[in-house]
Amino acid sequence: MAVGRWAMTTLDCADAEELGQFWADMLDGSIVHRSDTGVVILVGQSLLGATEVPDYQRPTWPAGALPKQIHLELAVDDLDKAEAEAVELGARRAADQSDPTRWRVFLDPAGHPFCLTTMFPKPQE
């Protein structure tokens, strides 16, 4: 028996509005709630949050003292096109690219790594 049900993933950051808008644009979602320290983004039927934390320090992954705190995988059809759009929205391509023909690693405006990949098939409708 489940204790609860999944509700939302929340990313820590220094600027919730900036990070929330970035992810809303990346995922064609919309900000559906704002508070003094956070935003909630609706993407399809899923929620993604961004919350400001005192003294936030971005990850220094893959090297350094601060490891990645979360890693998102985004399925895409065309890596080159998705990369160009992600960079235009404010993503930075990570220096470490272990398999760029199948996965491309980026950092969001708060430094969280995420991948664009063609390795996940489209769900059956």
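## Pocket, core and a buried glutamate

This is a predicted model. The largest pocket has a volume of about 290 Å³.

Q: Which element gives the largest share of the lining of the largest pocket?
A: The lining has 15 residues, and those closest to the pocket centre are Met 26, Val 76, Lys 81, Ala 82 and Glu 85. Two or more lining residues come from each of H1, E5 and H2. The largest share, six residues, belongs to H2.

Q: How many residues of the lining of the largest pocket are charged?
A: The lining holds nine nonpolar residues and no polar ones. The charged residues in the lining number six.

Q: Which element gives the most residues to the largest nonpolar core?
A: This core has 25 residues, with Leu 19, Trp 23, Met 26, Phe 114 and Leu 116 making the most contacts inside it. Elements giving it two or more residues include strand E1 (8-13), helix H1 (16-26), helix H2 (79-89) and strand E8 (113-117). With six residues, the top contributor is H1.

Q: Which residues does Trp 23 touch, not counting residues up to four places away in sequence?
A: Trp 23 is among the core residues with the most contacts inside the core. Beyond four places in sequence, Trp 23 touches Leu 11, Leu 48, Leu 72, Leu 74, Asp 108 and Phe 114.

Q: Does Glu 83 count as buried or exposed?
A: Glu 83 sits in helix H2. Because its relative accessibility is 14%, under the 20% cut-off, Glu 83 counts as buried.

Terms used: Residues numbered from 1 in each chain as written. Predicted model: local features only at pLDDT ≥ 70, side-chain atom pairs only at ≥ 80, totals over all residues. Heavy atoms only, no water. Core = buried A, V, L, I, M, F, W, Y, C linked by side-chain atoms within 4.5 Å. Buried < 20%, exposed > 50% of the residue type's maximum accessible area, 1.4 Å probe, protein only. Helix = DSSP H or I, 4+ residues; strand = E, 2+ residues; numbered from the N terminus. Contact = heavy atoms within 4.5 Å. 1 Å grid on protein atoms, 1.4 Å probe; cavity = no way out; pocket = protein on both sides within 12 Å on 5 of 7 lines; lining within 4 Å. Points joined across faces, edges and corners; volume = space filled by probe spheres on them. Nonpolar A, V, L, I, M, F, W, Y, C, P; charged D, E, K, R; others polar.
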